[in-house]
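Please brief me on this protein and its ligand. Cover the domains, the strands, the core and the ligand shell.

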Amino acid sequence: MTENKYARVRLISKPGNMLKTIYTACRTCYSSDSPLNIYDCENAQDKEKMLKLIKRVISSGHYSTIEHIQVSFAISNISRACSHQLVRHRHMSFSQKSQRYVKEKGQFEYLIPETIEQNKELKEKFERFMGEISDFYGELTANGIPAEDARAVLPNAASTSMVASLNLRELIHLANLRLCTRAQKEIRILVKRMCDALIEEEEWLKEYLVPKCERLGYCDEDKSCGRKAVRG
Ligand SMILES: Cc1cc2nc3c(=O)[nH]c(=O)nc-3n(C[C@H](O)[C@H](O)[C@H](O)COP(=O)(O)OP(=O)(O)OC[C@H]3O[C@@H](n4cnc5c(N)ncnc54)[C@H](O)[C@@H]3O)c2cc1C
């Protein structure tokens with residue numbers, strides 16, 4: 001698993017009127033004006049003005065305002081171990097390649113964790129082992145075992161792909177947890193690529209799509225990486 005060949009990510013959907021939508025949600029809470037008028041008002045053309053209010057509202061913890069923004073990512077080349085970690089996030093929506101309906105043909109694709117990749121001898125053993133699993137999987141399906149049962153022998157390293165969608169509040173939460181060095185490297189890379197893809201289009205989100213210590217100002221983990229001082 002090298003960083004380059006790992007986690008292919010593309011942002012495939014994001015509202016074009018993202019700032020205006022959040023701004024309208026924010027202003028609606030504090031204005032006697034209707035959301036329609038707020039959406040159409042002059043301030044909603046001024047990016048700096050909108051950002052000023054939005055950032056103030058986010059920093060006060062008024063997070064419902066950013067739940068209106070839904071983004072979707074096309075993700076491939078991640079391991080089932082990684083996808084299992086991702087699907088623990090309950091406010092995300094997933095459509096994942098099925099190991100029931102999609103039968104593996106020949107050697108199934110898999111990701112080699114970096115620590116194993118770096119050890120020549122163990123990497124060779126790992127690859128041999130994946131080959132043996134693949135042979136046995138092929139033997140099972142050739143003998144009429146359906147893919148949904150033959151998959152029982154496939155490893156956590158098996159490659160998978162999915163479309164994943166989430167709202168902006170959940171993306172910030174995901175970033176805060178999974179960009180932390182306590183998260184496993186594979187999911188850290190994946191989430192970083194998701195965040196980078198969005199930041200490329202919405203630069204203002206850079207300060208929110210960070211490990212939690214950056215937002216807290218301290219580390220709340222038992223084992224700190226030293227990036228921030230541990231909470232006293
Ligand atoms: C470094 C690391 C190590 C981990 N190790 C393990 C492990 O060893 N074993 C394990 O099982 N999991 C482990 N996890 C997964 C972890 O326990 C969470 O399931 C996962 O991170 C999802 O986070 P979440 O529940 O905060 O967020 P989400 O599911 O994304 O939900 C976001 C927020 O919504 C709220 N929320 C969602 N659902 C509920 C609910 N039912 N009730 C109340 N509030 C809710 C909470 O405020 C939550 O923080 C680990 C996660 C990390 C980052």
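The points below are grouped by topic.

This is a predicted model, in which local features need pLDDT of at least 70, side-chain atom pairs count only at pLDDT 80 or more, and totals for chains, interfaces and linings use all residues. Residues are numbered from 1 along each chain as its sequence is written.

**Domains**
- The protein chain is assigned domain 1 (8-74 + 160-216) and domain 2 (112-156); the bounds come from an automatic or database domain assignment.
- The centres of domain 1 and domain 2, taken over C-alpha atoms, are 39 Å apart.

**Strands**
- Helices (H or I, at least four residues) and strands (E, at least two) are DSSP runs, numbered from the N terminus.
- Two strands pair if DSSP finds at least two bridges between them.
- β2 pairs with β4 in the antiparallel sense, over eight bridges.
- Serine 79 has serine 159, in β4, as its bridge partner.
- Strand β3 (residues 93-96) also runs antiparallel to β4, joined by four bridges.
- Serine 95 has valine 163, in β4, as its bridge partner.

**Nonpolar core**
- A nonpolar core is a set of buried Ala, Val, Leu, Ile, Met, Phe, Trp, Tyr and Cys residues joined through C-beta atoms within 7 Å.
- A residue is buried if 20 or more other C-beta atoms lie within 10 Å of its own, exposed if 12 or fewer, and partly exposed in between, with C-beta atoms placed from the backbone.
- The largest such core has 42 residues, and Ile22, Ala175, Leu190 and Val191 have the most contacts inside it.
- Elements giving two or more residues to this core include α1 (18-30), β2 (70-79), β4 (159-167) and α9 (185-199).
- α9 gives the largest share of this core, seven residues.
- Contact means that the C-beta atoms of two residues, placed from the backbone, lie within 7 Å.
- Not counting residues up to four places away in sequence, valine 191 touches Leu174, Ala175, Arg178 and Leu179.

**Leucine 198**
- Leucine 198 sits in helix α9.
- Leucine 198 counts as buried because 21 other C-beta atoms lie within 10 Å.
- Beyond residues up to four places away in sequence, leucine 198 touches Leu11, Lys14, Val71 and Leu205.
- Phenylalanine 73 is 125 residues from leucine 198 in sequence, yet 9.6 Å away in space, C-alpha to C-alpha.

**Ligand shell**
- A residue is near a molecule if its C-beta atom, placed from the backbone, lies within 6 Å of it.
- Residues surrounding the ligand include Arg88, His89, Arg90, His91, Glu170 and His173.
- The shell has two nonpolar, three polar and five charged residues.
- Ala, Val, Leu, Ile, Met, Phe, Trp, Tyr, Cys and Pro count as nonpolar, Asp, Glu, Lys and Arg as charged, and the others, Gly among them, as polar.
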